[in-house]
Structures are given as structure tokens and as C-alpha cells.
Amino acid sequence: PKIPVEYIEVSSLSVRGGLGPMQVFSTPDTYVGKHEQPEKWTKHYEKRHEPSFREFVTLPFLEPLVLKPGESCGLYVHSSAMGDEAIAYDDYDNRRDIPREDTYVRVMTGRAHLSNRPFGKRGPWGTGWRTHREFVGRVGYGVKHFLWNPPVHDLFPPAFQRMVCLMLWVPLQEGSTLLHFPEEVIMYMLNMCPWHWAGDEVTKTPPPRTTQQLSESRLFGYDMPGTRYRSWGLRNC
């Protein structure tokens, strides 16, 4: 769908498990090749939590992580608790092949980390990393859409573009009730119209809340530098 996204702000992750001392890190583009290089990561959260095996616990970022359309990042959730029950995660099954995505965000597969030391190489049973794992949790984010202006006209849905052309054409017609409206007023009116007001097919799915959460169902998680979030609303336009 054609949606005029300016950027998204990832504001939190929610996870469950034995928890303990929790930290969240991010790195630009991807985690690949960086999962044992702490100098390439930025910390967004650090706090101790009591165990919560059934209910998700939200880890709010100190500052939101901004992603523009087409951008991606690696996210790494770590617990310093011992053992393999600190953060719930799931195995990746390529036979399932169900995209972990909604209108704005796609979550990719990654790695689980079993070391109680951030970015540590060793785990309880040898290597500290398990490949082909998926996030179990929620992603909290908000979406900033463009307001209509001529320079971003092509980013809007086809029905909205037709509405703009009609609104600018009608005042030019003899007898139009908009004949005496200055063009600046009509442009201002269009600028204040939300992108979905023209009734495109995409609006059959309601726009997201200010904070959009991807559902728990096997998204993916655990100590995963492999957690990637990608704004894609404009990438496929």
C-alpha cells in the first residue's frame, strides 16, 4: 500500500521470562557480523526485573529509535541472569514461512544469546549463540506520516492524489462555490487532511494507534542481536 510515512519511532520492547538484570541495545542496519562487538552498539535500557513467565514486561527506551522508510537496525535484548530461561524465544521454522510484519514494520529472524555477559562468546553448553531463533514479545512504536504538500504529493495514495487534483481544479470552473477561495486556503485545507481521508483500499485496515504493538504470536526475541525492524511502508510503493 502507498502510505506517506516520514519515519517510525521504536519506543520499547516487551518480553517475558525469568528476566533479571535487563539491557537493550541497537546497531544501525543489521546485527550480522557485530554480535560480539559491543563498541558498535548503543544502549537504550537497563533495569532489573522480577520474573514474569506469562505476562509481558515492557522495557521503555531512554530515547526512541528513529527509522525512516527502508531503514533497518539490529536490536539486542540481554539478561545477566544465569541459565536459559531469562527471556522467552522461539525456534525458526522455515516451513511456516509467515512474515512477521504489519503495515509498517517487519521483524526478521536472528540469534538467541545464552551468555550472562553481554556480547559474551561462551554459554552454559559451549558457544553462547544459537542461530535461527525468533522473537517472542511486542514492539512498541509510533508512526509519523507526512502532511500533504506538493513536494510529497507522489507519496500519497492514488485516491488522495485524485482528491487533490479535484480540489485544485474545481475553483477554476465557472460558478464554483470555491471560486473566491484563495489557492493558499485550499492548499492549507489539503495540508490538514490525514492521508487516509480519501478512502483508499488500504484504509480497510485502520491506521495504527500512536503506539503500535506487534502481537506476541511467535514474532521473535530472546537475547537477539538478530532482531531487525524495518519500516517498509514506502519501500514497496
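This text walks through a predicted protein model, from its overall make-up to single residues. Residues are numbered from 1 along each chain as its sequence is written. Because the model is predicted, local features need pLDDT of at least 70, side-chain atom pairs count only at pLDDT 80 or more, and totals for chains, interfaces and linings use all residues; side-chain values use heavy atoms, with hydrogens and water left out.

Start with the overall make-up. The protein has 14 strands and 2 helices. Both are DSSP runs numbered from the N terminus: helices are H or I with at least four residues, strands are E with at least two. There are 237 residues, and 46% of them count as buried. Buried means under 20% relative accessible area, exposed means over 50%, and partly exposed is in between (1.4 Å probe, protein chains only). The protein exposes about 12700 Å², with carbon and sulfur atoms supplying 53% of that area. Accessible areas come from the Shrake-Rupley method with a 1.4 Å probe, and for residues only the protein chains shown count as cover.

Now look at the contacts, meaning heavy atoms within 4.5 Å. Take those with a separation of 6 or more: residues 24 or more positions apart account for 79% of them. Phe-56 gives a case of sequence distance against spatial distance. Phe-56 lies in strand β4, residues 52-67. Phe-56 counts as buried because its relative accessibility is 15%.

What about the cysteines? A disulfide is a covalent bond between the sulfur atoms of two cysteines. The rule used here asks for a pair of cysteine sulfur atoms within 2.5 Å. By this rule the count is 0 disulfides. Cys-73 is buried, at 3% relative accessibility. Cys-193 is buried too, with a relative accessible area of 14%.

Next come the aromatic rings. A pair of aromatic rings is described by the distance of the centres and the angle of the planes. Rings of Phe, Tyr and Trp (its six-membered ring) pair if their centres lie within 6.5 Å; planes under 30 degrees apart count as stacked, over 60 as edge-to-face and the rest as tilted. The whole structure holds 7 aromatic pairs. One of them joins Trp-41 and Tyr-76: the ring centres are 5.8 Å apart and the planes stand at 65 degrees, so this pair is edge-to-face. Trp-41 lies in the loop between β2 and β3 (42-49), and Tyr-76 in strand β5 (residues 72-79), so the pair ties together parts that are 35 residues apart in sequence. Both Trp-41 and Tyr-76 are buried. The rings of Phe-156 and Phe-160 have centres 4.8 Å apart and planes at 35 degrees, so that pair is tilted. Phe-156 is buried at 0% relative accessibility. Phe-160 is buried, with a relative accessible area of 0%. Ring pairs also link Trp-41 and Tyr-76 with Phe-25, Phe-119 and Trp-129 into a cluster.

The buried residues of α1 are Ala-159, Phe-160, Gln-161 and Val-164. These buried residues pack against α2 (183-191).

His-113 is found in strand β8, residues 110-113, and is buried at 0% relative accessibility.

Ser-26 sits in strand β2, residues 20-28. Its side chain joins that of His-44 in a polar contact of 2.6 Å. Ser-26 is buried, at 6% relative accessibility. Leaving out residues up to four places away in sequence, Ser-26 touches several residues, among them Trp-41, Leu-65 and Gly-74.

Finally, the backbone. Most residues other than glycine have a negative phi. Leu-19 has a positive phi, near 55 degrees. Leu-19 is found in the loop between β1 (5-17) and β2, and is buried at 1% relative accessibility. Asp-29 also has a positive phi, of about 70 degrees. Asp-29 is found in the loop between β2 and β3.

Notes:
Polar contact = N/O pair within 3.5 Å; in protein donor to acceptor, adjacent residues only side chain to side chain.
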